[in-house]
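User: Hi! I'd like to learn how to read the features of a model like this one. Could we start with salt bridges and then step back to the overall shape?

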Amino acid sequence: MTPALRRCVALALFVTPLGACSGDTVRTLAADAGYGPRKVDAPDFVTSTRPKDTPDFMAVGVDAPKRTIRAKNAESQKALESELENARGRNVARGRAAESAAKSVAKGIAPPPDPGAPKPATPPPQ
């Protein structure tokens with residue numbers, strides 16, 4: 001048996017059982033060997049804000065836990081909408097006031113030339 005054939009047979013004997021394994025095992029071996037993405041742990045602020053009693057995933061067939069905060073009813077939604085529209089109106093009025101103040105300050109100042117505008121042609125020297 002030639003050395004190249006031995007290497008091929010050894011590789012086939014090594015790879016064949018890995019083909020029967022789950023993809024996670026092969027992926028882990030590839031990541032450990034330096035191929036593919038590495039597993040990155042979540043930052044401390046993320047792990048500290050996650051609840052400790054719940055797993056990272058939800059099992060199939062299990063309902064999500066009930067929320068402690070209930071949805072707003074129709075009248076509180078209307079109140080929130082009117083509050084947000086009032087805030088938008090105040091912000092628009094402030095923007096207009098700031099714009100008019102800027103215009104009054106800049107009355108005597110000429111605007112800078114537009115860099116994209118074509119330059120006026122100069123007459124040729126005589």
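Analyst: Happy to. A salt bridge here is a side-chain nitrogen of Lys or Arg within 4 Å of a carboxyl oxygen of Asp or Glu. This is a predicted model, and by that rule the count comes to 1 salt bridge.

User: Which residues form the salt bridge, and how far apart are the closest N and O atoms?

Analyst: Glu99 pairs with Lys103, and their closest N and O atoms are 3.8 Å apart. Both residues sit in helix 4 (residues 74–105), where being 4 residues apart separates them by about one helical turn.

User: How many positive and negative side chains does the protein chain have?

Analyst: There are 19 positive and 13 negative side chains, and the centres of the two sets lie 5 Å apart.

User: Now the fold: how many helices and strands are there?

Analyst: The protein chain has 4 helices and 0 strands. Its radius of gyration is 35 Å, well over the 14 Å that the globule rule gives for 126 residues, so the chain is more spread out than a compact globule. The C-alpha trace spans about 95 × 75 × 25 Å along its principal axes.

Methods:
Residues are numbered from 1 along each chain as its sequence is written. This is a predicted model: local features need pLDDT of at least 70, side-chain atom pairs count only at pLDDT 80 or more; totals for chains, interfaces and linings use all residues. Side-chain values use heavy atoms; hydrogens and water are left out. Helices (H or I, at least four residues) and strands (E, at least two) are DSSP runs, numbered from the N terminus. The radius of gyration is taken over C-alpha atoms; the globule rule is 2.2 Å times the number of residues to the power 0.38. Lys and Arg count as positive and Asp and Glu as negative; His and the chain ends are not counted. The place of a charge is taken as NZ of Lys, CZ of Arg, CG of Asp or CD of Glu.
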